[in-house]
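Good morning, colleagues. Please look at the sequence and the structure on the screen while I describe the model.

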Amino acid sequence: GEFSVRRYRPGDAEQVRPLHEAAMRAVDSYAEDAPDEDFDDVTGAYLTGDGEFLVGERGGDVVAMGALKPLAESAAVVELGAVDPDESTAEVTRMRVHPDHWRRGYGSAVLA
C-alpha cells in the first residue's frame, strides 16, 4: 500500500504504543519505567491544545508517528528553564518509525 500521513484518530490508540515500543527497542532505548501516559490520551495530551499528533499509515497499519507540543505545555522543557516558551515555540516529540519501515523517508514525511 501507499504511505500517507494524517492526523491521529482515537482508533489509532491500539497501534501507537506498540509502534513506540518496537522503535525504541530496535535502538536499545526502551525503558519499562519511562513516562508514556500521553499514549493513554493522545487527544487530550496533544490535540485539545495547540499541539498535533500525526501518524503515517501504510496498508492500513500505523508505521510512523510524530507529535508537536507547544513548549508552554511541555512541563519537562519548562522545568529545565532552557528556553523561554512563547506561543510560537514547540517541541517535536514521539517521532518513531517501525523498524520494518526504516530508510523509506517515512519519518521525514511525518516531520514535514
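I begin with a definition: a residue is called buried under 20% relative accessible area, exposed over 50%, and partly exposed in between, with a 1.4 Å probe and protein chains only. This is a predicted model, in which local features need pLDDT of at least 70 and side-chain atom pairs count only at pLDDT 80 or more, while totals for chains, interfaces and linings use all residues. Residues are numbered from 1 along each chain as its sequence is written, and side-chain values use heavy atoms, with hydrogens and water left out.

Let me turn to the overall layout. The protein chain contains 4 helices and 4 strands, where helices (H or I, at least four residues) and strands (E, at least two) are DSSP runs numbered from the N terminus. Their order from the N terminus is β-α-α-β-β-α-β-α. Of the 112 residues in the protein chain, 34% are buried. The chain exposes about 6,800 Å², with carbon and sulfur atoms supplying 47% of that area; accessible areas come from the Shrake-Rupley method with a 1.4 Å probe, and for residues only the protein chains shown count as cover. A contact means heavy atoms within 4.5 Å. Among contacts in the protein chain with a separation of 6 or more, 61% are between residues 24 or more positions apart.

Next, the strands. Two strands are said to pair if DSSP finds at least two bridges between them. Strand 1 (residues 3-7) pairs with strand 2 (residues 52-58) in the antiparallel sense, over 5 bridges, and Ser4 is opposite Glu57 of strand 2. Strand 2 in turn pairs with strand 3 (residues 61-70), also antiparallel, over 7 bridges. Bridge partners here include Glu52 with Leu68 in strand 3, and Leu54 with Gly66 in strand 3. Strand 3 is joined to strand 4 by 6 bridges, and they run antiparallel; Met65 stands opposite Arg96 in strand 4. As for cover, strand 3 is mostly covered, with 8 of its 10 residues buried.

Which residues touch the most other members of the largest nonpolar core? They are Tyr8, Val16, Tyr46, Phe53, Val55 and Met65, in a core of 13 residues. At least two residues of this core come from each of helix 1 (13-26), helix 2 (42-47), strand 2 and strand 3. Helix 2 gives the most, with 4 residues. A nonpolar core, for the record, is a set of buried Ala, Val, Leu, Ile, Met, Phe, Trp, Tyr and Cys residues joined through side-chain atoms within 4.5 Å. If neighbours within four places in sequence are left aside, Tyr8 is in contact with Ala13, Val16, Val42, Thr43, Leu47, Phe53, Leu54 and Val55. There is also a second, separate core of 5 residues, which includes Val63, Val97, Tyr106 and Val110.

His20 lies in helix 1. It counts as buried, at 7% relative accessibility. Again leaving aside neighbours within four places in sequence, His20 is in contact with Tyr30, Phe39, Met65, Arg94 and Arg96.

Arg94 brings us to backbone geometry. Arg94 is found in strand 4 (residues 90-97) and has a positive phi of about 55° although it is not a glycine. Asp28 likewise has a positive phi of about 55° without being a glycine, and is found in the loop between helix 1 and helix 2. Are these two residues buried or exposed? Arg94 is buried, with a relative accessible area of 11%, whereas Asp28 counts as exposed, at 75% relative accessibility.

Finally, the surface. Leu68, Val92 and Leu111 form a nonpolar patch there, with about 260 Å² of accessible area together. Patches are made of residues with over 30% relative accessible area and no salt bridge, like charges being joined within 9 Å and nonpolar side chains (Val, Leu, Ile, Met, Phe, Trp, Tyr) within 5 Å. A salt bridge, in turn, is a side-chain nitrogen of Lys or Arg within 4 Å of a carboxyl oxygen of Asp or Glu.
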